Amino acid sequence: MTYTTQIKNALKQLHPKSNESSLDIYISQTENLYQNVFNINLNQRPSLKLGKGGMGAIERYLSQFADTTKTNYYSSVFEVMKAMKFNPVIAEKFQDKRDEFRQKYNKINDGLKSKKQEDNFVSAKLLDSFIDKYTQEIKAGSEDRDLLQIWMILKILKKFKFRNETATLEFVDKNTYDNVMKEKEKRNMIVMAPEGWFISKNEYKTQKLYGEEIIPLKGGILKDLEFFYEKVGKGPLFRSSFQKTKRPTTMTPNALTKYLIRWSNKNIPPKKNEDGSKKPRNLSTTMIVKAYLSASYGGAKKGMTKDAKNRGNQPETTMKVYVSSKKPKI
């Protein structure tokens, strides 16, 4: 058994209600920190002892990142050390650093929590312009599979405000859905039931807290999904690539992040720096959702129960983390 597997088992015991993907993030960020700072591979040198320079080396390395990223790294290492019952004095240092940056984060009374997020913040109007453009091209007969796919992804994110679980959506019939639920499999499905289509979301960040999320489908989004189904058929909605390659083209949450970055780098106008240089805008599902939620609630900041429920958050959490009153520059 590898050391990281031992860590994961310990984390499961410490956080039995946490989503497995969250535990994976704790491990991957801890691995990255030890590798990048101390050149230590935890599976080859199974110990959480800090390398040369200790906390000072870690602080210098993390100084290049935004406070939100620092918080995540310190939190991940602290959780791993706590789960593995590592030296509590050292673990407490990571907890203190996490709390320091978390307090700074919580004092920001806006959905844009860092300079990086501000640089990548775009308007819902701009995103809608791409949806409209792609809609017209599809109506004109375009068979571009990539265009059809990004059109559907943007439509889903606009309507439901999902996270990266968007990547794992699949079309299934009602019999398949019944079998999946009987076997207690965790899958995210668009169920084509005779009595009415619906989304069954079972694998998402807060699933252990809220359980299966059922979202009835109707109106324009139902027609869009029916049209999309005619094009792609049963099974996964999305692919990571349409190029001929030996690599798997299954869309995963990580692959969706990379897919959206490639799309936004190519299509979203870059940020112009003061020195005249240009910086590409990297849009993720989070930044796309922030654009739409901010457009809807940035002024009033109330009445968002349905959008918060679709996302798997309490309304107050969604307001604090995803809604900005700032005006996007594009």
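Start by selecting strands β2 (residues 189-192) and β3: three bridges join them, and they run antiparallel. Strands here are DSSP E runs of at least two residues, helices are H or I runs of at least four, and both are numbered from the N terminus; two strands pair if DSSP finds at least two bridges between them. What you have open is a predicted model, where local features need pLDDT of at least 70, side-chain atom pairs count only at pLDDT 80 or more, and totals for chains, interfaces and linings use all residues. Residues are numbered from 1 along each chain as its sequence is written, and side-chain values use heavy atoms, with hydrogens and water left out.

Now click on I190: its bridge partner in β3 is I199. Between β2 and β3 the hairpin has five residues, and G196 takes a positive phi near 145 degrees.

Stay on β3 (residues 198-201). F198 and S200 point one way, I199 and K201 the other, and all are buried, meaning under 20% relative accessible area with a 1.4 Å probe and protein chains only.

Opposite F198 you'll find P216.

Last stop: the second largest pocket, with a volume of about 390 Å³. Select D146, L147, Y259, W263 and K266, the closest to its centre of the 14 lining residues. A pocket is an open set of points on a 1 Å grid with protein on both sides within 12 Å along at least five of seven lines, where a 1.4 Å probe fits, and lining residues have an atom within 4 Å of a point; the volume is the space filled by probe spheres set on the points, which are joined across faces, edges and corners. Colour α12, which gives the most to this lining, with five residues.

How values were computed:
Buried < 20%, exposed > 50% of the residue type's maximum accessible area, 1.4 Å probe, protein only.
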